Amino acid sequence: MSNSASPDLSALVSEGRNPRSTGIDLMSSAGIIACMNAEDRLVADAVAAEAPAIAAAVDRIVTAFEAGGRLIYIGAGTSGRLGVLDASECPPTFSVPPGMVVGIIAGGDGALRRSIEAAEDDDARGAADLEAIDLNPRDVVVGIAVSGRTPYVTGALRHARGVGAGTIALSCNPGSLIADLADIAIAPVVGPEILTGSTRLKSGTAQKMVLNMLSTAAMIRLGKTWGNLMVDVTISNRKLADRAEGILREATGCGAEEARDLLARSGGSVKLAILMQITGKDADAARADLEAERGFLRKAIKRAGSNPATP
């Protein structure tokens, strides 16, 4: 384990004392909420300032996916939990294989439910956890650490660079150590927290916003949507079945009974059902068009000679 290269914790922006909340223990509930809300309003602007780096990271992730690689999030504590959360939501939302977006947290899955704080100090473990999933040059690793200096994450990024994988750093402090270890650095600086050092607050919100952008934008670029409709949603429960039916009706103008029939004939694929309804083709012919266009519904519709307006 090693953290000797880390800067003094108190010197980090995220660890500073917020002058706007020094009297927070004297505030009413309404006052505390107003203070928190005012601070949270700063987060979106801090993320917006990093838009060019976020867009570059999305491009790098898309390149990895197109080469058959994976997007791998790795972090400790809240940062690790947010990465695992984003990864776990990609299969149902976009029908991607569970191994395409991977979330790794210091201390393993047990750390998702209980704090295992010492796990973040082990830089060798960060490297070992990536070795355990056979990291390769086609992959891209996003190291997540508010401080930008967490040994577990620095060890992971060093290993990723050694393997030749793409590297992205997500922190909330400028000029961080993980930024120096990454091809692309994203650092929304949200400033001190209302509770000094409680980086699950504004910093965690900023990280969640960035992770939303990385995965969602990359999936859109891969053809997982048509307009703003989630046409690759996986039907795994009643709510998602209703959503799939609603998407199909919105996209094609068909009725409820016809939508259910189309979904049955398409094997539950909203994207395929839309293509079948618009082009009049059967499931096999429509599927062949989708495969020829690498799953891009808009291109498959055009290939079939149809050109309806995007809903």
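Predicted model: local features only at pLDDT ≥ 70, side-chain atom pairs only at ≥ 80, totals over all residues.

**The sheet**

I began with the strands and found that five of them form an open sheet, in the order β2-β1-β3-β4-β5, with parallel pairing. At the edges I noted β2 (101-105) and β5 (184-186), each of which pairs on one side only.

Helix α3 (residues 77-94) does, and it touches β1 (71-75), β2 and β3. The direction of α3 makes about 155° with that of β2.

**Strand β3 and its partners**

I then turned to β3, residues 140-144. How many bridges join β3 to β4? I counted five, and β4 (residues 166-170) runs parallel to β3. Two pairs went into my notes: Ile144 stands opposite Leu170 in β4, and Val142 has Ile168 as its bridge partner there.

On the β1 side, five bridges again join the strands, and β1 and β3 run parallel. Here I wrote down Ile74, which stands opposite Gly143 in β3.

Is β3 mostly covered or open? It is mostly covered, as five of its five residues are buried. I checked the two faces separately. Val140, Val142 and Ile144 are buried on one side, and Val141 and Gly143 are buried on the other.

**Helix α4**

Which residues of helix α4 (residues 123-132) are buried? My list reads Asp123, Gly126, Ala127, Asp129 and Leu130. Looking down the axis of α4, I see these buried residues fall within an arc of 160°, so they line one face of the helix. As for what they meet, the buried residues of α4 pack against β1, β2, β3 and α5 (151-163).

**A loop residue**

I picked out Thr199, which lies in the loop between β5 and α7 (202-221). What does Thr199 contact, once its neighbours within four places in sequence are set aside? I found Ser14, Glu15, Val146, Glu193 and Gly204. I also looked up a distance from this residue: the C-alpha atoms of Thr199 and Gly253 are separated by 46 Å, and the two are 54 residues apart along the chain.

**Rings**

I searched the whole structure for aromatic pairs and found zero. I did find a charge over a ring: Lys299 lies over the face of Phe296, at 4.5 Å from the ring centre.

**The whole chain**

Last, I stepped back to the overall numbers. The secondary structure comes to 12 helices and five strands. The C-alpha trace spans about 65 × 50 × 35 Å along its principal axes. Of the 311 residues, 48% count as buried. Finally, I looked at contacts between residues at least 6 apart in sequence, and 66% of them join residues at least 24 apart.

Notes. Residues numbered from 1 in each chain as written. Heavy atoms only, no water. Phe/Tyr/Trp six-rings, centres within 6.5 Å; stacked < 30°, edge-to-face > 60°. Lys NZ or Arg CZ within 6 Å of the ring centre and 35° of its normal. Pairing = 2+ DSSP bridges. Helix = DSSP H or I, 4+ residues; strand = E, 2+ residues; numbered from the N terminus. Contact = heavy atoms within 4.5 Å. Axes fitted to C-alpha atoms, helices over the stretch in contact; angles between N-to-C directions. Buried < 20%, exposed > 50% of the residue type's maximum accessible area, 1.4 Å probe, protein only. Arc of directions from axis to C-beta.
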